[in-house]
Amino acid sequence: MAKFEWNGTEFALVERHGIKTGDFKKIKAVIDENADIIIAQCSKHFNQ
């Protein structure tokens, strides 16, 4: 499990359990590459 929070400029890791380093790096890369999409979809969902 990994928990990230948007701090206004990037997604920051809050908590991480049971994820190998290599896997975590891949997860973080996907989040970073898609940050604009994630933010847009969250805004769309939560601002309804």
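Residues 24 or more positions apart supply 18% of the contacts in this chain that have a separation of 6 or more, where a contact means heavy atoms within 4.5 Å. Before going further, please note that this is a predicted model, in which local features need pLDDT of at least 70, side-chain atom pairs count only at pLDDT 80 or more, and totals for chains, interfaces and linings use all residues. Residues are numbered from 1 along each chain as its sequence is written, and side-chain values use heavy atoms, with hydrogens and water left out.

## The whole chain

Let's start with the overall layout. The chain has two helices and two strands, and along the sequence they follow the pattern β-β-α-α. Here helices (H or I, at least four residues) and strands (E, at least two) are DSSP runs, numbered from the N terminus. Taken along the principal axes, the C-alpha atoms fill a box of roughly 35 × 20 × 15 Å.

How much of the chain counts as buried? Of its 48 residues, 15% do. Buried means under 20% relative accessible area, exposed means over 50%, and partly exposed lies in between (1.4 Å probe, protein chains only). The chain exposes about 4,000 Å², and carbon and sulfur atoms supply 55% of that area. Accessible areas come from the Shrake-Rupley method with a 1.4 Å probe; for residues, only the protein chains shown count as cover.

## The two strands

Strands β1 and β2 pair in the antiparallel sense over five bridges; two strands are said to pair if DSSP finds at least two bridges between them. Within this pairing, K3 stands opposite E15 in β2. The hairpin of β1 and β2 has four residues between the strands, and there G8 takes a positive phi near 105°.

## Helix α1 and its two sides

Helix α1 covers residues 21-33. Its 13 residues reach 18 Å from the first C-alpha to the last, close to the 18 Å expected at 1.5 Å a residue. That expected span is 1.5 Å times one less than the number of residues.

Which residues of α1 are buried? They are F24, K28 and I31. Seen down the axis of α1, the buried residues fall within an arc of 60°, so they line one face of the helix. The arc is that of the directions from the helix axis to the C-beta atoms. The face turned away from this buried side carries the exposed residues K25, K26 and E33. What covers the buried residues of α1 includes β1 (2-6), β2 (11-16) and α2 (35-46).

K28 counts as buried because its relative accessibility is 19%. Not counting residues up to four places away in sequence, K28 touches F4 and F11.

A search of the whole structure finds one salt bridge, and the side chains of D32 and K28 are the ones that meet in a salt bridge, at 2.9 Å from N to O. The term stands for a side-chain nitrogen of Lys or Arg within 4 Å of a carboxyl oxygen of Asp or Glu. Side chains of opposite charge can pair when their charged atoms come close. Both D32 and K28 lie in helix α1, four residues apart, about one turn of the helix.

## W6 and I39

W6 is found in strand β1, while I39 sits in helix α2. Leaving aside neighbours within four places in sequence, W6 is in contact with F11 and I39. Likewise, I39 is in contact with W6 and F11.

W6 and H45 are 39 residues apart in sequence and 15 Å apart in space. I39 and L13 are 26 residues apart along the chain, with 16 Å between their C-alpha atoms.

| Residue | Relative accessibility | Class |
|---|---|---|
| K28 | 19% | buried |
| I39 | 27% | partly exposed |
| W6 | 39% | partly exposed |
| D32 | 41% | partly exposed |
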